[in-house]
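Hi,

Here is the structure I promised to pass on.

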Amino acid sequence: MELLGISIGWILIVLGALFFLIEATNPGFFIAVPGTVMIILGILFVLGVDVFGSSIGVIVGVVTALAAAAVTVWLYSRITPDENPPTTLSRDSVVGLEGLVIKEVEPESIRGKVSIEGVEWSARSTDGIIPKGMKVVVVRSEGVHIVVEEMK
């Protein structure tokens, strides 16, 4: 099959290679799968397999494309690092957690600071001043700060 004197197979191969180049510069965009499928189908076209002309050609094209996609996904999962997904603490998710006072906490001010799982939070106490170095527990969150009580 020709398109303006250029084989569709070569166009697919070049597009597939371009997809791989994009994937290499922006990992995680996951366009390696369609890139692989384009290259494989392009090779079939260049080799003379008429993918659209006969039912056998369609079957060969589909099976080859699915196999290429499956192998690409499998390889991609093997080369990507096995990391736990990142976790983010939000002010609502810290209720009930324990922390350490790193700057004195007062009931009427949010200038106090508490460290919870390595994250610093503006805090105020439910009652009384809690000095630096004391352990606290988060009882609720309000606006942009948390409210803590000293642990007994």
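**Salt bridges, cores and a few contacts**

Glutamate 142 is partly exposed, with a relative accessible area of 25% (buried means under 20%, exposed over 50%, and partly exposed in between, with a 1.4 Å probe and protein chains only). Salt bridges that share partners tie Glu142, Arg124 and Arg140 into one network. By salt bridge I mean a side-chain nitrogen of Lys or Arg within 4 Å of a carboxyl oxygen of Asp or Glu.

Before going on, the ground rules: this is a predicted model, where local features need pLDDT of at least 70 and side-chain atom pairs count only at pLDDT 80 or more, while totals for chains, interfaces and linings use all residues. Residues are numbered from 1 along each chain as its sequence is written, and side-chain values use heavy atoms, with hydrogens and water left out.

Arginine 140 and glutamate 142 meet through their side chains at 2.8 Å, N to O, and arginine 140 is partly exposed at 37% relative accessibility. The other link runs from arginine 124 to glutamate 142, at 3.0 Å, N to O. Helices (H or I, at least four residues) and strands (E, at least two) are DSSP runs, numbered from the N terminus. Arginine 124 is buried, with a relative accessible area of 18%.

How many salt bridges does the structure hold? There are 3, and one of them pairs glutamate 106 with arginine 111, their closest N and O atoms being 3.7 Å apart. Arginine 111 is exposed at 55% relative accessibility, whereas glutamate 106 is partly exposed at 26%. As a general point, side chains of opposite charge can pair when their charged atoms come close.

Next, the nonpolar cores, meaning sets of buried Ala, Val, Leu, Ile, Met, Phe, Trp, Tyr and Cys residues joined through side-chain atoms within 4.5 Å. The largest one has 12 residues, among them Val94, Val114, Ile116, Trp121, Ala123, Val136, Val138, Ile146 and Val148. At least two residues of this core come from each of strand E4 (112–116), E5, E6 and strand E7 (145–150). A second, separate core has 9 residues, including Val37, Leu41, Val51 and Ala69.

Lysine 113, in strand E4, is 10 residues from alanine 123 in sequence and 5.5 Å from it in space, C-alpha to C-alpha. The lysine 113 side is partly exposed, with a relative accessible area of 24%. Serine 93 sits in the loop between helix H3 (55–79) and strand E3 (98–103) and is partly exposed at 36%. Its C-alpha is 9.9 Å from that of valine 138, 45 residues away along the chain.

What does UniProt say about the chain? Its unreviewed entry places the feature "transmembrane region" at residues 6–22, 29–49 and 55–76; UniProt positions are in the numbering used here, feature names are shortened, and annotations may be inferred rather than shown by experiment. In the model, residues 55–76 are 100% helix and 0% strand, with the end C-alpha atoms 31 Å apart.

Helix H1 (residues 8–25) contains isoleucine 11, which is partly exposed at 30%. Ile11, Leu15, Leu18 and Leu21 form a nonpolar patch on the surface with about 310 Å² of accessible area together. Patches take residues with over 30% relative accessible area and no salt bridge, joining like charges within 9 Å and nonpolar side chains (Val, Leu, Ile, Met, Phe, Trp, Tyr) within 5 Å. Accessible areas come from the Shrake-Rupley method with a 1.4 Å probe, and for residues only the protein chains shown count as cover.

Glutamate 23 is also found in helix H1 and is buried, with a relative accessible area of 7%. Which backbone nitrogen does the side chain of glutamate 23 reach? That of isoleucine 31, at 2.8 Å. Serine 7, in strand E2 (residues 6–7), is buried at 16%, and a polar atom of its side chain lies 3.2 Å from the backbone nitrogen of glycine 9.

Cheers

Terms used
A polar contact is a pair of N or O atoms within 3.5 Å; within protein, one must be able to donate a hydrogen and the other to accept it, and residues adjacent in sequence count only if both atoms are side-chain atoms.
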